Amino acid sequence: MTKEAFRLTSPSGVELDLPVRSGTVGPDVIDVGKLYKEQRVFTYDPGFVSTGSCESDITYIDGEEGILMYRGYPVEQLAAHSSFIEVSYLLLHGELPTAAELEKFDHTIRTHTMLNEGMLNFFKGFRYDAHPMAMLSAVVGSMSAYYHSEMDASNPDHRDIFAHRILAKMPTIAAAAYKLTSGQPFMYPQNDLNYCENLLQMLFSVPAEPYEIDPIAAEALDLLFILHADHEQNCSTSTVRMAGSSGANPYSAIAAGVSALWGPAHGGANEAVLNMLNEIGDKSQIKKYVAKAKDKVDPFRLMGFGHRVYKNFDPRATIIREMCHKVLAQLGRDDTPMFDLALELEQMALKDDYFVEKKLYPNVDFYSGIIYRALGIPTSMFTVMFAIGRSVGWTAHWREMIADPSTRIARPRQLYTGPPQRDYIAIEKR
Ligand code: ACO
């Protein structure tokens, strides 16, 4: 929908009307696409704080109100009533599936879980202490070497096959990375198990003895994957879109997203939260660490706090917090002191003027790590778990971008502050 134009007046008094566009919900957008052509100026917005990069009908976030919706459905409702597989269908296809559609989709995902055997050999080349995220990004990228016959982005059938392969094989790749670091043999997928049961089986079973899947563990993972499934134009998703906009194959684009997710300011925060809680160690130390986080000279930040978009409670954090209680109560692991420490830190920060003024609330990663730990998942695997859930969001965005006729190669401009033109100086004269 086009609205009344936004009028800009340049310092020399030239007026320019920029088109204003409205989405279904959310703030209006000023279309600056023609600004350079008409006025010879660029916009400047490091970190894209006020910049929309695309049109999308997948996910909506209202950071002020703490709202997150996938295809219009509030995440709270999906968390309460849906499953990760159903949410995946919703994100990829735009609508909730009928029972028959869901059954077919679920069957397709279940029957594409195996990896080309050659990919397993690839794992053998990594050092035993390689970080699982390093392996994940390398092996996901390598999928373009193993599955290159169905990679034509302009072919909708190929796009479907790619989506199914990514969704189905991410848990298998993740589990293989874990098994390598733990020195245990790789466990093949069992397709009679559902998505999260199969992941647990691949992570924790060994050939020497039977393995019983804990239903609470499978339920908790399913919930975490629903909450991690998409988050509109976040750093890793924008990276996937940007890499894919050049026409790079989709596996390379997803591998780029995995790499972007790894950073501690993004998906790496769940690992960083646990490391931070370990470092704090005891409730008596909380005050000291809150003071460090507020000290501008000290680079320390409270990991799991703050968000670019949420200036209110992250709705995902509220849901996870409840699951955290449930998991700790039912699995009876000895993580209650860690959770108590996290809760006390949360309460102290929520009351602190610095965090209140800057609207720094706990984000999804503040609690997810505690759940993963209670499930027996090692810290180095936390971001890998996030990547499994987010892979469907990346895929949905890549498909949307490819199908959008207005997509152009992503190519931002810059404010150049280097030296103006100068002449080369021969080395003996420098
Ligand atoms: N602890 C202490 N101070 C903080 C924190 C924090 N966790 N987060 C932000 N601030 C302060 C900043 O120092 C800054 O203060 P200033 O205005 O006085 O300079 C102000 O709050 C705004 O912070 P920015 O870094 O400018 O906000 P931005 O939107 O760029 O960053 C981010 C958001 C990266 C999430 C940041 O809050 C952060 O580093 N948090 C910790 C890491 C984390 O939990 N990341 C996970 C995000 S959720 C996800 O990706 C799934």
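**Exercise 1.** How many bridges join E4 to strand E5, and in which direction do these strands run?

*Solution.* The model is predicted, so local features need pLDDT of at least 70 and side-chain atom pairs count only at pLDDT 80 or more, while totals for chains, interfaces and linings use all residues. Residues are numbered from 1 along each chain as its sequence is written, and side-chain values use heavy atoms, with hydrogens and water left out. Strands (E, at least two residues) and helices (H or I, at least four) are DSSP runs numbered from the N terminus, and two strands pair if DSSP finds at least two bridges between them. Four bridges join E4 to E5 (residues 67-70), and the two run antiparallel; tyrosine 60 has methionine 69 in E5 as its bridge partner. The open sheet has three strands in the order E4-E5-E6, with antiparallel pairing. Strand E4 (59-62) and strand E6 (73-74) stand at the edges with a single partner strand each, so one side of each lacks a neighbour in the sheet.

**Exercise 2.** Describe how helix H12 packs against helix H17.

*Solution.* Begin with the geometry, in which axes are lines fitted to C-alpha atoms over the stretch in contact and angles run from 0 to 180 degrees between N-to-C directions. H12 (residues 269-280) and H17 (residues 364-374) pack at about 80 degrees, with axes 8 Å apart. That makes H12 roughly perpendicular to H17, a term for angles of 65 to 115 degrees. Next, take the contact (heavy atoms within 4.5 Å): the residues that make it include Val273 and Leu277 of H12 and Phe366 and Tyr372 of H17.

How values were computed. Parallel < 35°, antiparallel > 145°, perpendicular 65-115°, else oblique.
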